[in-house]
Amino acid sequence: MPNSPVSPTKSPRALCAIVPPFLLSRIATLDDPRFERAAHAARRSLTDIGHDHLDHGRHEHTLPPRSLRPDQTAVARGTISRAISDAQTGEILPGVLVRSEGEPETGDVSVSEAYDGLGHTFALFWEVFERDSIDDRSSPLEATVHFGRDYDNAFWDGSRMVFGDGDGEIFTGFTRSLSVIGHELAHGVTEFTAGLVYRGQSGALNEHVSDVFGALVEQYAWGQTAGEASWLVGEGIFTDEVEGNALRSLRAPGTAYDDDVLGKDPQPAHWDDFIVTQEDNGGVHLNSGIPNRAFWSAADTLGGFAWERAGQIWFDTLTNGSLTPRSDFSEFAAATIAAAVARFGDGSEEQRAVEAGWALVGVVPTTN
C-alpha cells in the first residue's frame, strides 16, 4: 500500500452525465401527451447539467475518497469497498446508506445493479490493469440510486456515481446498463490521471475514454471478444417506445438510434465531420465518436479480448503522464501510438492497428 495520499489532477470539475444535453433538450420540447412526463423530466435533468460546478445548493457531499482523508486506514491492495445509498427520489446527496461491502441484497433491483456494476468495474481495473480503484489508492466506490423523481440521467459528481430512475416513457432506470456504470466510474479514473479538461477536444477525449472503459467493463464481465461485443454504450436504458439500441455506438458512431421522437444519433465518425459548437461543453458527447471509432478499429483489427491489447494501450496512455489536461485529438493519437510501441515494440502488430485506427477517422497524430 503506498504511504502517501494523492490528489486528483487539478482541472475544472464538471458534472459528467451519460445523457447529453442536446438529447435532453429535444425531449424537453416535446409537445406530445404520450411523453408529457418525459418532457418534464428532461427539463429537470437539464437544470443539473447546466451547472458547471457542483456546489449548487441541493447537493450535500459525502466524505472524499479514502485516499484523500487524513485518517487513511491501510488495506490490502485490490480490496474492494462499495457503499450504495438511496436518495429516495430526493436530490440531496448522498442519501440513506442501504448497502455496504459484503452485506446481502436488499431486494431493491437498482441497489443490486449498482452494487454489482461497481464490482465489475473494479474487477476490470484491478484484474487487468492492476489499478486499485479509481485513484489507485483503494478509494471506496460509492453510488446513490433513486436520485430525483423521474430523473433522466446518471452522472459522476467528482466523488460518487448517481443514478436516476428514468421517466418510464423514454428512459428506464440507468443502473440497468453495465456500460453506463463503467463509463461514469472511468470519469473518476481520468480525474485522477490525465485530468482531461471537460471542454472541446480534451472534453471529447474525456468522454471517449469513459466510453472505451465502459464498453470494456461490460465485455470483461461477459467474457466477450471484440468480435462478439455490441460496442454500445447505454444499451437497455431506452423503453420500447424508442427506435434505438443505445446512446452511442463505438463501432458505428451516428447509428445508435434513429427515432421520430429523439431524432437521429448525431455523432460524427470522422474528423472531416467534427462539430464546432458552444453547446455540450463544446460538443464533448458528439465529437467523442471520432476517437471511439478509432479505438474500435484497433480492437477489431487485433481481435481477441479488447482489454488485452487495445485496452492496455489506452490505459497506458491515460496513466503514463504523456497527456496534458488540454490534449487534443492529434496529441492523444500520438500518445497511443507511442504507448503501443513502448509496450509491444516498434513495428508491432499493435502499433500498426492503432495507426490504422486513427487513419480510418482522419486524425493525424502530432509529430515532434
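Asp 136 counts as buried, with 18% relative accessibility (buried means under 20% relative accessible area, exposed over 50% and partly exposed in between, using a 1.4 Å probe and protein chains only). You'll find Asp 136 in the loop between α3 (109-128) and β4 (141-145); helices (H or I, at least four residues) and strands (E, at least two) are DSSP runs, numbered from the N terminus. Keep in mind that this is a predicted model, where local features need pLDDT of at least 70, side-chain atom pairs count only at pLDDT 80 or more, and totals for chains, interfaces and linings use all residues. Residues are numbered from 1 along each chain as its sequence is written, and side-chain values use heavy atoms, leaving out hydrogens and water.

- Most residues other than glycine have a negative phi, and most peptide bonds are trans.
- Asp 136 isn't a glycine, yet it has a positive phi of about 60°.
- Thr 89 isn't a glycine either, and its phi is positive too, at about 65°.
- Thr 89 sits in the loop between β2 and β3, and it is partly exposed, with a relative accessible area of 34%.
- The peptide bond from Leu 93 to Pro 94 is cis, with omega near 10°.
- Pro 94 lies in the loop between β2 (82-86) and β3 (96-100).

**Aromatic rings**

- There are 21 aromatic pairs in the structure (rings of Phe, Tyr and Trp, taking the six-membered ring of Trp, pair if their centres lie within 6.5 Å; planes under 30 degrees apart count as stacked, over 60 as edge-to-face and the rest as tilted).
- One of them joins Tyr 151 and Phe 155: the ring centres are 6.1 Å apart and the planes are at 70°, so this pair is edge-to-face.
- Tyr 151 and Phe 155 are both buried.
- Phe 238 and Tyr 257 also make an edge-to-face pair, 6.1 Å centre to centre with 80° between the planes.
- That pair links distant parts of the chain, 19 residues apart: Phe 238 is in the loop between β7 (232-233) and β8 (248-249), while Tyr 257 is in the loop between β8 and β9 (258-259).
- Phe 238 and Tyr 257 are both buried.
- Trp 231, Phe 295, Trp 314, Phe 332 and Trp 358 form one aromatic cluster.

**Charges over a ring**

- The charged end of Arg 82 sits over the ring of Tyr 115, 3.7 Å from the ring's centre (this needs NZ of Lys or CZ of Arg within 6 Å of the ring centre and within 35 degrees of the ring normal).
- The charged end of Arg 99 sits over the ring of Tyr 115 as well, 3.6 Å from its centre.
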